[in-house]
Amino acid sequence: MENGLQGKKIINIIHNDNIRSKETSELLENKLKQYGYIISSEFDYNAELSICIGGDGAFLRAVHKYNFPYMPFVGVNTGHLGFFHEITPENINKFVENYSKGKYNIEDIYLVEAIVCTRTSCIELIGVNEIVIKGIESKVIHLNVSIDDDHLECFSGDGLIISTPSGSTAYNLSAGGSIVYPTLKTLQLTPLCPINSKAYRSLQNSAIIPDGMAIKINPEYRDENTVLIVVDGNQLKYDNVVEIIIKLSDMTLRKLTFHSQNFWSKVRDRFI
Ligand code: NAP
């Protein structure tokens, strides 16, 4: 297969502090060197591949730490859920052999982007799994939600999760959202403990938003004027947010796949 990646031989290996991850990293490094690869001592943005050893959490942290680099990622799972991961420590020899022969595919992971605007400035946030908007200190949050300027609801409850297809099996799933096949270019808007009473009316279920449509959220402040925005588990606090625009990012994350296990059997093995 011609992926345009052969020729460059530098690989990044990133591992968490778990002993199994460190041991796997050493074994992998030795194996890759036997095949003529150079393992960079520091993260190299010119590397042809980044291998992340740990669980999904380690994978997410690495992608954020290195700011969504262009080279593909692949994960080696050392004892966690490992939904993003294609490789186990037991099959690293097979992985190196297949990789060196170009026997792999590259899949795009769709990302979610939020533009968060206060009265004075706007910032951009990017998530792999999801962006969550919550109240602070466990307060009920009130959020006016529009899709492409079409007003949908004034949500009241714990918050809203806006998940990517890859993130649909994470927080979204625990909150009652649906599993979305990773090639579907959609976002999912999932309520967290929506209030449905004579005082407040909020949608109780998830909505699937197609690519090209933007979710516009305007907080309605009662006692507090601060919102929490949680990006892939990383919590950020903003005061006086007037508007949050959320859509699928134009950028994607690239991930190696080997078709060793298809998506639905992965779902079965991890969740049932
Ligand atoms: P974390 O401890 O790093 O992750 C929590 C669990 O979510 C771990 O078991 C992790 O797998 C798994 N996970 C992460 N991404 C996944 C995905 N795409 N599909 C299936 N499972 C996935 O927690 P964190 O640092 O707070 O946040 C990281 C992610 O955890 C967030 O992006 C969020 O989706 C998820 N989360 C879930 C809940 C919940 O379900 N109630 C609450 C908070 C956060 P590994 O064991 O392989 O790391």
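A: Of the 272 residues in the protein chain, 51% are buried, meaning under 20% relative accessible area with a 1.4 Å probe, protein chains only. This is a predicted model: local features need pLDDT of at least 70, side-chain atom pairs count only at pLDDT 80 or more, and totals for chains, interfaces and linings use all residues. Residues are numbered from 1 along each chain as its sequence is written, and side-chain values use heavy atoms, without hydrogens and water.

Now the core itself. The largest nonpolar core has 27 residues. Such a core is a set of buried Ala, Val, Leu, Ile, Met, Phe, Trp, Tyr and Cys residues joined through side-chain atoms within 4.5 Å. I162, I215, I217, I229, I244 and I246 touch the most other members. At least two core residues come from each of several strands, including β5 (105-118), β9 (150-163), β12 (215-219) and β15 (241-257). Strands here are DSSP runs (E, at least two residues), and helices are runs of H or I with at least four, numbered from the N terminus. The protein chain has five helices and 15 strands.

Take I162. Leaving out residues up to four places away in sequence, I162 touches V112, I131, I133, L187, L189, I215, I217 and I246, among others. N129, E130 and Q188 are also among the residues it touches. Contact means heavy atoms within 4.5 Å. Across the protein chain, 69% of contacts with a separation of 6 or more join residues 24 or more positions apart.

How values were computed: Buried means under 20% relative accessible area, exposed over 50%, partly exposed in between (1.4 Å probe, protein chains only).
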